[in-house]
Amino acid sequence: MSDQLKVFVTREIPAAGLDKVTSGSDAEVWREPLPPSREVLLQKVQGCHGLLTLLTEKVDAELFDAAGPQLKVVSNFAVGYNNIDIEEATRRGIKVGNTPNVLTDATADMAMALMLAAGRRIVEGQDYIRDKKWKTWEPLGHIGADLWERTVGIVGMGRIGSAFARRCHGGWNMRVLYHNTSPNEQVEKELGAQLVDMDTLLAESDFVSVHANMNPDTVGMFNAEAFKKMKSTAVFVNTSRGPLVDQKALYDALKNGEIFAAGLDVTDPEPIPLDDPLLTLSNCVIAPHIASGTLSSRNAMAEIAADNLLQGIAGQPLRCWVNQGS
Ligand code: DGY
């Protein structure tokens, strides 16, 4: 019998982290491609001192009760932690860890990729070829959005928003508008970014990219009214969380030409149901939540998640500690 502390890892993560976890604890790893069902999860967490979770697991009072009072840490393999009831964890003295910084550039790159793919109609173009519709070079066909010296509106100017802003300004000399809960002096100084109210951002931006956290104030913020305020030529990009967008309203805006195109890495729910009307639109590019999906980001996320987990079960401060001091 191992005298190491018991942990449950809800999915196979890169070996850079998983090896540390399995050698530093008595770990059970869920190696199926799909997440454990809720019922199985509640069973597996019983008696655990630590949990390594993904965004797909709802970590709440019910799960803490199922685990038992010895649970010390929940280490989320993500920078976002909207799947975790942080208040409840804190009330119970359970530490919560996340994986910030190491996916900032990968996520900003994904926002750029979606902005270009949607703005320049790349996926639509590929479908056109595959559907055997490409007969000749078309002077009037496949016209997309210009980027050079256009205006980008960034909603949420934290680490990822700032990295995206640098790319837009450095790459295409874009004017940067942003909306945030507080001013970001760094991007103002470095890029001349301007803090504006939402209405100004929506009305003046050629590209609108969302990098805000998901919370009660941001859920549903991109609704019919918001899309109506945008330019009919605007490209909308979301790499944050699906629920920030009212998907039916986005569909209507894209379908009716209220905006030009959209690029989404996140949807609500995930996976997006195959009968979701957004999937019928040629001006909507959708990726399966892959913004952090580069080798170095995922390896670094795994290392941080492992460190958080092992530090938590040892009763030490976490390397990246969400509810520190709360
Ligand atoms: C995160 O880390 O929050 C991403 O959404 C998944 O990598």
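**Close-up views of a predicted model**

**View 1. The lining of the largest cavity draws on a helix and a strand.** Helix α5 (104-119) and strand β12 each supply at least two residues of the lining of the largest cavity; helices (H or I, at least four residues) and strands (E, at least two) are DSSP runs, numbered from the N terminus. The lining consists of A117, A118, R121, E124, A261, S282, N283, C284 and V285. By class, five of the lining residues are nonpolar, two polar and two charged (Ala, Val, Leu, Ile, Met, Phe, Trp, Tyr, Cys and Pro count as nonpolar, Asp, Glu, Lys and Arg as charged, and the others, Gly among them, as polar). The volume of the largest cavity is about 30 Å³, and the structure holds one cavity of 30 Å³ or more. On a 1 Å grid over the protein atoms alone, a cavity is a set of points where a 1.4 Å probe fits but cannot get out, a pocket is an open set with protein on both sides within 12 Å along at least five of seven lines, and lining residues have an atom within 4 Å of a point. Grid points are joined across faces, edges and corners, and a volume is the space filled by probe spheres set on the points.

The model is predicted: local features need pLDDT of at least 70 and side-chain atom pairs count only at pLDDT 80 or more, whereas totals for chains, interfaces and linings use all residues. Residues are numbered from 1 along each chain as its sequence is written, and side-chain values use heavy atoms, with hydrogens and water left out.

View 2. Around the ligand stand L55, A78, V79, G80, L103, R241, H289, S292 and M301 (a heavy atom within 4 Å). This shell comprises five nonpolar, three polar and one charged residue. An N or O atom in the side chain of S292 lies 2.7 Å from a ligand oxygen. The protein buries 87% of the 230 Å² that the ligand exposes when taken alone (Shrake-Rupley method, 1.4 Å probe).

**View 3. An open parallel sheet.** Seven strands, with parallel pairing, follow the order β8-β7-β6-β9-β10-β11-β12 (strands pair if DSSP finds at least two bridges between them). Strands β8 (194-195) and β12 (284-286) stand at the edges with a single partner each, so one side of each has no neighbour in the sheet. Two bridges join β7 (residues 175-179) to β8, and L177 stands opposite Q194 in β8.

How values were computed
A polar contact is a pair of N or O atoms within 3.5 Å; within protein, one must be able to donate a hydrogen and the other to accept it, and residues adjacent in sequence count only if both atoms are side-chain atoms.
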